[in-house]
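Please load the model in your viewer and keep the selection panel open.

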Amino acid sequence: MIDNQRLVEEIGGHFGEKVRQFGENSGILTFSIAPGDLTEVVAFLKEHPVLKFNFLTDITGIHFPDNEGAELCSVYMMHSWENRIRVRIKVFLPKENPVVPSLTPLFNAANWMERETFDFFGILFSGHPNLKRILNMEDMDYHPMRKEYALEDPTRRDKIDDLFGR
Amino acid sequence: MSVSVPQDYLPLFIQLALALGFVVMTLIATHVLGPRLRSRKKEMPFECGVESVGDARMPLNVRYFLTAILFVLFDVEVIFMYPWAVNFKGLGWLGFYEMLLFVAFLMAGFYYVIRKGVLDWEKE
Amino acid sequence: MTEKNTLVARTQEEALALNVPLQEENNYTTLNLGPTHPATHGIFQNILTMDGERIVSSDMTVGYIHRAFEKIAERRPFYQITTLTDRMNYCSSPINNMGWHMTVEKLLEITVPKRAQYIRVIMMELARIADHLICSSIMGVDTGAFSGFLYVMQEREKIYEIYEEMCGARLTTNMGRIGGMERDLSPTAIKKIKDLVYNSLPKVFAEFEELFDRNRIFRDRTIGVGPVSQEMAMSYGFTGPNLRAAGIDYDVRVMEPYSSYEDFEFDIPVGHNGDTYDRYKVRNAEVWESIKIVRQAIENLPEGPYYANENHYYLPPKHSVYRNMEALIYHFKIVMGEIDAPVGEVYHAVEGGNGELGFYLISDGGRTPYRLHFRRPCFIYYQAFGELIKGGTVSDAVPIMSSLNVIAGELDA
Amino acid sequence: MTSVKMTDAPPGYEGPGFFATSLDKLIGIARSNSLWPLPFATSCCGIEFMATMGSHYDISRFGAERPSFSPRQSDVLLVMGTIAKKMAPVVKQVYLQMAEPRWVVAVGACASSGGIFDTYSVLQGIDRVIPVDVYVPGCPPRPEQILDGLMQVQELAKGESLRRRESEEYRALLESYNILEKNDR
């Protein structure tokens, strides 16, 4: 049975200083790495003979507007079906140039997940075969999931503040 | 058995006239009564709700034509078989051999077509 | 007509024999399947490039009903997000509701009493049955058989009646609360559930299966159509019945049991080839397994409360709101969304109708989630559709799409 | 004794052996009892429409058993579900390509007003792009409510004057939605 302690030893032992901030959130091991090491770490986890993280569960983004120099975060969740264990990898990126290598060569599923993350947060995945908007309209000029953008439809006129006591 | 006289066909003609009359009347009535609105977008082909791109009149591969004409050929063959099947007993063995010969001719053509590879879509 | 309207030949030999000009380039036909196409259930656009009847490639566009769930979730208190989860996979909304409640309970560290967990299991399995009934019967409609659909719709209505008995709604159920259920199973509900799983559904569903399983047309149109290998399924992130049809027995209910799934005896049906017929068979087998689970749950329903004793998060009963000051305060605070959640980061997955439905919730200690991401199984595996239909005919593409059971609301979020 | 209910006769003049009414009313009855719907189902409400179409609620009882997926042969556009801004041009195109007379039913809160999705990506009601005749509330409406919406359209069809679609008011309505172009007749 592989537990999070064993994972820390395996990953930490192999990558040393490259992996940082090990933590456990509701049972799932979380750590962060630099964007340049992402492909290497994911490939290591995927092809490891014992760990066998063979399934990419999800890719998503988070926006931390107050986190100077690392405003955006790209989150990768992997799952080892054989060992029944999950792991979460975080890559923090600056707002000015959020570039992270694409995982499409390793997992086909990464294609649309990365497009969605690009659409919502504007994180650029280098090496992605077709990085364009997926859910929103092509001509949208901002990335709506960033915290500074409003949720409401700007064209709506019947929601006057007076009516709601605001 | 009686011999049919032209008068016997009268009900048929009446029915034909009624059927045609109904169609013509309906067409005229809808044109007179129905509201109508023409616009450029309305007259475009329906493409699942998006604007159609390009032209339907593009060069077609000759294979479509060959497939279509072969289909017509074998379809017509079946039409010949209907009257033959109705009079199967009356025509007797001679009719049977004739039909056999007819089908054999067609089959020879079919064999030729298959050997030529006309029906293979992906021939490189 | 102009020169454009002429025939062209593909090979030199043909051009000479038929006296038509030779075609310079591969002139494929382009066909538009969607957005409002009767064969696409939901709104997707596929621009197919065709060589005769064969599909050469397809260009998929999604996002036609993108509703910004994740953005809304950042502005709503936790209990209001349940209404969003309803509208995600609307064929099996109770699973989404319960999955969300369990995610929040994981964040708040609430343990739900056994009875509530069993009621949740019953509701989730009924939702799974409803989901699979629609998918399988719509596959029948797409291959040209309407009667199967009419048979099972009647049974789905009975499931909806049970939902109504539980929460008052039919489709977008908004069922349950954070910390349990909003009401106990009523005697009518128990009667209806028992009637469904012991009498009507098995009978009708067996008949439905008889209608399709060995139907020549249905088999010809589905066997060997759109096969998914195990490697491809893994790489494309398949989960749920579509993955199991390829022969991998991954099921969240067994892998990471939630809501007392470990108490129940059931099998995970798997297929062999991962083709359309296998997906259909796996879904049908899952309906039988779900019936088994509901029977076990309703027979062994434990006594006890149906909600956790958590005043801060679970709405107090109405009669005490009228009489008790504390209850009134809690009621007010919960309804106004003024309950602060602890800081945390939670991922919880449930086995939805289409696969692993995950909720990735980040709370910064506020009243709303800081970030909520839904792992929508449809969105992830639908990208394989283009590869599945490649090389097949258009008539194959339609059953493949319905066998994948892509729900537009879940896909576009 | 049959249980088949005949439609009520329109107001008119009745004498021995004959019955006279206006052509408007006759055509109104014909139209209202054979409305072919175009189910434009995008999300949840579409599933409720499936129930309406299915055996339990049976929309065929109202002469609408033939769902038409091409706009050319349909009379009622039933818009069911959220219409995102990406989808709005498609709805408009489908409406434009329908033959006159045409009616539109906005089924559900999303199609009527955007519903709970007051977001940047959702169209706040389809009446921003096409004229709507009947709004059906509910999220989603129950099949009975969808049937009621259809019956409202039947009432509209029954009472509609034959000249309405050629009137200046109707033209002005379409022009206000930018549906008629300059040289359209």
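Helices (H or I, at least four residues) and strands (E, at least two) are DSSP runs, numbered from the N terminus.

The model is predicted: local features need pLDDT of at least 70, side-chain atom pairs count only at pLDDT 80 or more, and totals for chains, interfaces and linings use all residues. Residues are numbered from 1 along each chain as its sequence is written, while chains are lettered from A and ligands numbered from 1 in the order in which they are written.

**Stop 1: the sheet of chain C**

Strands count as paired if DSSP finds at least two bridges between them.

**Stop 2: chain C as a whole**

Now select all of chain C. The chain holds 18 helices and 7 strands, and its C-alpha atoms fill a box of roughly 95 × 45 × 35 Å, taken along the principal axes. Of its 413 residues, 55% count as buried, that is, with 20 or more other C-beta atoms within 10 Å of their own; a residue is exposed at 12 or fewer and partly exposed in between, with C-beta atoms placed from the backbone.

Colour the chain by pLDDT, the predictor's confidence in each residue, from 0 to 100. The mean for chain C is 89, and 95% of its residues reach 70 or more. Confidence is lowest in strand 1 (residues 7–8), at a mean of 67, and highest in helix 12 (residues 276–299), at 95. Over residues 1–5 of chain C the pLDDT is below 50, and beyond near neighbours in sequence this stretch has 4 contacts in the model. Two residues are in contact if their C-beta atoms, placed from the backbone, lie within 7 Å.

**Stop 3: the two domains of chain C**

Colour residues 3–61 and 69–412 separately: these are domain 1 and domain 2 of chain C. The bounds come from an automatic or database domain assignment. The C-alpha centres of the two domains lie 40 Å apart. Their contact takes 14 residues from domain 1 and 17 residues from domain 2. On the domain 1 side, the largest share, 5 residues, comes from strand 4 (residues 54–61) of chain C. That side divides into 7 nonpolar, 5 polar and 2 charged residues. Ala, Val, Leu, Ile, Met, Phe, Trp, Tyr, Cys and Pro count as nonpolar, Asp, Glu, Lys and Arg as charged, and the others, Gly among them, as polar.

**Stop 4: between the chains**

Which chains have the most contacts among the 5 pairs that touch? They are chains C and D. Show both: 27 residues of chain D are in contact with 25 residues of chain C. Helix 2 (44–53) and helix 3 (88–96) of chain D each supply at least two residues of the chain D side, and helix 2 gives the largest share, 4 residues. By class, the chain D side has 15 nonpolar, 9 polar and 3 charged residues.

Then show chains A and D, where 8 residues of chain A are in contact with 8 residues of chain D. The chain A side has 3 nonpolar, 2 polar and 3 charged residues. No contact joins chain A and chain B, whose closest C-alpha atoms lie 15 Å apart.

**Stop 5: strand 5 of chain A**

Finally, select residues 85–93 of chain A. This is strand 5 of chain A, mostly covered, with 8 of its 9 residues buried. Strand 2 (residues 28–33) of chain A runs parallel to strand 5 and is joined to it by 5 bridges; Leu29(A) stands opposite Val87(A). Strand 4 (residues 72–80) of chain A pairs with strand 5 in the antiparallel sense over 9 bridges, and Val75(A) stands opposite Lys90(A). The hairpin of strands 4 and 5 of chain A has 4 residues between the strands, and in this hairpin Arg84(A) takes a positive phi near 50°.
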